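Subject: Structure handover

Hello,

Here is the structure for your files.

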Amino acid sequence: MKFFIDTANIDQIKEAHDLGILDGVTTNPSLMAKEGIKGEEAIANHYKTICELVDGDISAEVLSTSFEEMVEEGKVLAAIHPNIVVKVPMIKDGIKAIKWFTDNGIKTNCTLVFSAGQAILAAKAGATYVSPFLGRIDDSGWDGVQLIEEIAHIYNVQGFKTEILAASIRNGNHITRCAAAGADVCTCPLDSIL
Ligand code: G3P
């Protein structure tokens, strides 16, 4: 199982990278805002800095929600560095955008996934990664790790190549259970790893 760090904080990324076990980084608009990164140029420069620090897949999320805008935004993000993975929300236009990126050789991370049905749609569109949100599922009274097991089973039976990226990880228990459930990647806040 690969370890990604879920933050836009450069010090935390460096700390995780220094451990020698970091395989990539995921960010999202609220994590970028938390670091005070605003505006197209500042965002692009921040992603460039992350890509130069960590040699692995770096998820950069689109802000728009229409097919045309997501494609335009994703093309700009993908041009920042070859390791950029365009993070696209699980909405109808998002599926369409993922398919477009797949057909045009751009890697994607389908985010905000809460069901196995959504994970099937993401895989059919050719997403590189699918991100089920475990912690949020737990918050609503269900068991997020069970969803990882279900998706892992379906992807295995169907031979889907999309990697399962367990997101919204809150603690070490999530990480070990995800590893047992067949997640390909866990993206974690630094304090859940250390
Ligand atoms: O990886 C998704 C993450 O950033 C959301 O986490 O803890 O706010 O549900 P959380």
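Asp6, Asn28, Phe133, Arg136, Ala167, Ser168 and Arg170 are the residues around the ligand, where near means that a heavy atom of the residue lies within 4 Å of the molecule. This is a predicted model, in which local features need pLDDT of at least 70 and side-chain atom pairs pLDDT 80 or more, while totals for chains, interfaces and linings use all residues. Residues are numbered from 1 along each chain as its sequence is written, and side-chain values use heavy atoms, without hydrogens and water.

Ligand site

By class, this shell has two nonpolar, two polar and three charged residues.

- aspartate 6, at 2.7 Å
- asparagine 28, at 3.0 Å
- serine 168, at 2.6 Å

On its own the ligand has 310 Å² of accessible area, and the protein covers 80% of it (Shrake-Rupley method, 1.4 Å probe).

Cysteines

The structure holds zero disulfides, a disulfide being a pair of cysteine sulfur atoms within 2.5 Å. For cysteine 51, the nearest cysteine sulfur is that of cysteine 188, 19 Å away. Cysteine 51 is buried at 5% relative accessibility, buried meaning under 20% relative accessible area. Cysteine 186 is also buried, at 0%. Its sulfur is 4.1 Å from that of cysteine 178, the closest cysteine sulfur, which is too far for a bond.

Regards

Conventions:
A polar contact is a pair of N or O atoms within 3.5 Å; within protein, one must be able to donate a hydrogen and the other to accept it, and residues adjacent in sequence count only if both atoms are side-chain atoms. Ala, Val, Leu, Ile, Met, Phe, Trp, Tyr, Cys and Pro count as nonpolar, Asp, Glu, Lys and Arg as charged, and the others, Gly among them, as polar. Buried means under 20% relative accessible area, exposed over 50%, partly exposed in between (1.4 Å probe, protein chains only).
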